[in-house]
Amino acid sequence: LTSSTTGERLHVIHIAAEMAPVAKVGGLGDVVTGLSKALQRKGHLVEVIVPKYDCLQYESIRDLKVLNMHVESYFDGRLFKNKIWVGTVEGIPVYFIEPLHPSKFFWRNQFYGESDDFKRFSYFSRAALELILQAGKKPDIIHCHDWQTAFVAPLYWDLYVPKGLDSARICFTCHNFEYQGSAPASELGSCGLDVHQLNRPDRMQDHSAHDRVNPVKGAVVFSNIVTTVSPTYAQEVRSSEGGRGLQDTINTYSKKFVGILNGIDTDAWNPATDPFLKVQYHSNDLDGKAENKAALRRYLQLSSANDRQPLVACITRLVPQKGVHLIRHAIYRTLELGGQFVLLGSSPVPEIQREFEEICDQFKTHEHARLVLKYDEALSHLIYAASDMLIIPSIFEPCGLTQMIAMRYGSVPIVRKTGGLNDSVFDFDDDTIPAHYRNGYTFLTANEQDFSNALQRAVKHYMSDADSWKQLVQKVMNLDFSWDSSAPLYEELYHKSVARARSRK
Ligand code: ADP
């Protein structure tokens, strides 16, 4: 272990609804694991608390065992027991909370999307704090993420500091301000929070109605540190368009609010060691990349006639945020430009899922396009490795990880300039940007024409100048998107916050 360069060893506990690879829906899961590993490498004691879902990927947990302790947690006027499990995920100690509540909160065969999500996750937030208290832990930082564990901030100050759990500063990271988890104010009482005290405009009251509360707002108000996942998104959410009703609260608390670009877990995403690939490869040996392209084409029964036909991919949740109309457009446009197109994605929105199922049927036996409408971790790795370009035409994108993963695998990103995409992808043809930064293709306006233009420039580059394209591929593969740059920024925020608290004691 190397000790921290900015100060003493900290004890950090993340409380989250996701942790890759055991419980991953999207980027949140990647970030909890990636940031935890990076902080642990810097010598800090890092632990994670997540729900014990029935759909956990159990094979990724080492030494899972149940602890000989029953944590009792308050809910709806009664105490319920929780079984506490502990195991190691990617080298990080993880506690899994299994509520012994008749509603079987996390035994639903899915992570989110249940009608009682507000109750399930406010229950979990409280049980996690109860675990910390009853286990006698004295963390320096409790780091909660997104609306599902945003309840931790008000619960900590209102209920747990009075019980003696007062060692910690609270850090809240919002990975996406679109999801605020607001609900009728009366539901807040279930986890023991005081509805009357908190349902006020300067505390947790939602902007939309006097009788609704907003957990994300509560975490912005009650946390010591508030972060979001890129500098550009941190600016965007201060406006009415980006803030989704929270812009005034964010502006009020701007002193404690900062945008830090996510990194990626460069062990999990490494083409030189990736077990999901047909062949491992690195930037000075790109033959392996070509073999993965051939393997994917065989697997998806796409034409292999032309090695120099660009393969354009998209790996995404199909939700409006991701620019679904532009994704649809890209399929047809790529074919017109002479490329091949592969989509890996699924949608929680039934109309979108149906629409893409129709398109999928249309291309079932097509030589140059395939849609795979599911979540498939293994296939995602192969597609990053096989593709020449990855499109991310998001309407908004807090950070985005797929552009970084794509680059690590030598797939050139084509993105809309928004949020974290704007902080990580710089247009190859833009000579106002220093040449060494230019690593992809970008467009500004979310319309088909502008996107098409960026896609066309990329395809033309690929087809007309193989050497220059190869140099671009090698360059993007060697860029550093690891947590090594961003974890120290979190570390610094933690240290400063702990120091401020101590100076006041
Ligand atoms: P978001 O969190 O909004 O979904 P991010 O870009 O931050 O978007 O993270 C997306 C993560 O989820 C990436 O690791 C990506 O590879 C993965 N992913 C998205 N869709 C799929 C899918 N259908 N199958 C496998 N992995 C997926």
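I traced an open sheet of nine strands, ordered β3-β4-β5-β2-β1-β6-β7-β10-β11, with mixed pairing. I noted an average twist of 25° from one strand to the next. Strands are DSSP runs of E of at least two residues, and helices are runs of H or I of at least four, numbered from the N terminus. Two strands pair if DSSP finds at least two bridges between them.

The model is predicted: local features need pLDDT of at least 70, side-chain atom pairs count only at pLDDT 80 or more, and totals for chains, interfaces and linings use all residues. Residues are numbered from 1 along each chain as its sequence is written, and side-chain values use heavy atoms, without hydrogens and water.

I then checked β3 against β4 (residues 78-89): the two run antiparallel and are joined by nine bridges. V71 has N82 in β4 as its bridge partner.

Next I looked up helix α2 (residues 117-134), which runs at about 105° to β3. After α2 comes G136, with a positive phi near 70°.

Finally, I listed 21 residues surrounding the ligand (a heavy atom within 4 Å), the closest being G27, R317, K322, Y384 and L401. A side-chain N or O atom of Y384 is 2.7 Å from a ligand oxygen atom. A backbone N or O atom of L401 lies 2.9 Å from an oxygen atom of the ligand.

Definitions and conventions: Axes fitted to C-alpha atoms, helices over the stretch in contact; angles between N-to-C directions. Contact = heavy atoms within 4.5 Å. Polar contact = N/O pair within 3.5 Å; in protein donor to acceptor, adjacent residues only side chain to side chain.
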